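Visitor: Pick one part of this model and take me through it slowly, please. I'd like to hear what it is made of, what it sits against and how it ends.

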Amino acid sequence: MLISLLISIVIGAVSGWLASLIMKSKGGLLRNIIMGIVGGFVGGLIFELIGISVSGYFGTVVVSVVGACLVIFVANKLFK
């Protein structure tokens, strides 16, 4: 249980960091972790609706990065 939580946080941090680089967004480690985790949820929903199945850590990071980029894009449009 604890290992799964730590892996999720690490994947979230990496995904959020990559998304912030792609979207040229600024933020700290906590924001990157939150964006990566939210992005994983959003990306998972979108990929499931489209019918694309992913597996493994690499696939999870890709889905999370796509979702986090989408979340950053929407947030920039709403709050700027």
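Guide: One definition before we start: contact here means heavy atoms within 4.5 Å. With that in hand, let's take helix 1, whose buried residues pack against helix 2 and helix 3. Keep in mind that this is a predicted model.

Start with the length. Helix 1 has 22 residues, which at 1.5 Å a residue should span 32 Å, and its end C-alpha atoms are 31 Å apart, so the two agree. The buried residues of helix 1 are Ile 11, Gly 12, Ala 13, Ser 15, Gly 16, Ala 19 and Ser 20.

Ser 15, in helix 1, has a relative accessible area of 0%, so it counts as buried. Setting aside residues up to four places away in sequence, Ser 15 touches Gly 36, Val 61, Ser 64 and Val 65. In helix 3, Val 61, Ser 64 and Val 65 are among the buried residues, and Gly 36 is one of the buried residues of helix 2.

Now Ser 20, also in helix 1. With a relative accessible area of 10%, Ser 20 is buried too. Leaving out neighbours within four places in sequence, its contacts are Ser 25, Asn 32 and Ile 72. Ser 20 and Met 35 are 15 residues apart in sequence, and their C-alpha atoms are 8.8 Å apart in space.

What about the way helix 1 meets helix 2? Two packed helices are described by the angle between their axes and the distance between the axes. Here the axes come within 6 Å and cross at roughly 100°. Helix 1 and helix 2 are therefore roughly perpendicular to each other. From helix 1, the contact takes in Ser 8, Ile 9, Gly 12, Ala 13, Ser 15, Gly 16, Trp 17 and Ser 20; from helix 2, it takes in Leu 29, Asn 32, Ile 33, Gly 36 and Ile 37. Sort the residues of that contact and you get six nonpolar, seven polar and no charged.

Follow the chain past the end of helix 1 and the backbone does something to note. Just after helix 1, Lys 24 takes a positive phi of about 55°. In general, most residues other than glycine have a negative phi. Lys 24 sits in the loop between helix 1 and helix 2, and with a relative accessible area of 73% it counts as exposed. Beyond residues up to four places away in sequence, Ser 25 touches Ser 20, Arg 31 and Ile 72.

Helix 2 has Asn 32, Ile 33, Met 35, Gly 36, Gly 39, Gly 43 and Phe 47 buried. Seen down the axis of helix 2, these buried residues fall within an arc of 155°, so they line one face of the helix. They pack against helix 1 and helix 3. Turned away from that buried side, the other face carries the exposed residues Leu 30, Phe 41, Glu 48 and Leu 49.

Helix 3 (residues 56-79) packs with helix 2 at an angle of about 105°, and the axes are 6 Å apart. That makes helix 2 roughly perpendicular to helix 3. The residues of this contact divide into 11 nonpolar, seven polar and no charged. As for what covers the buried residues of helix 3, helix 1 and helix 2 are both included. To come back to where we began, helix 1 has its own buried residues packed against helix 2 and helix 3.

Technical notes
Residues numbered from 1 in each chain as written. Predicted model: local features only at pLDDT ≥ 70, side-chain atom pairs only at ≥ 80, totals over all residues. Heavy atoms only, no water. Axes fitted to C-alpha atoms, helices over the stretch in contact; angles between N-to-C directions. Helix = DSSP H or I, 4+ residues; strand = E, 2+ residues; numbered from the N terminus. Parallel < 35°, antiparallel > 145°, perpendicular 65-115°, else oblique. Nonpolar A, V, L, I, M, F, W, Y, C, P; charged D, E, K, R; others polar. Buried < 20%, exposed > 50% of the residue type's maximum accessible area, 1.4 Å probe, protein only. Arc of directions from axis to C-beta. Expected span 1.5 Å × (residues − 1).
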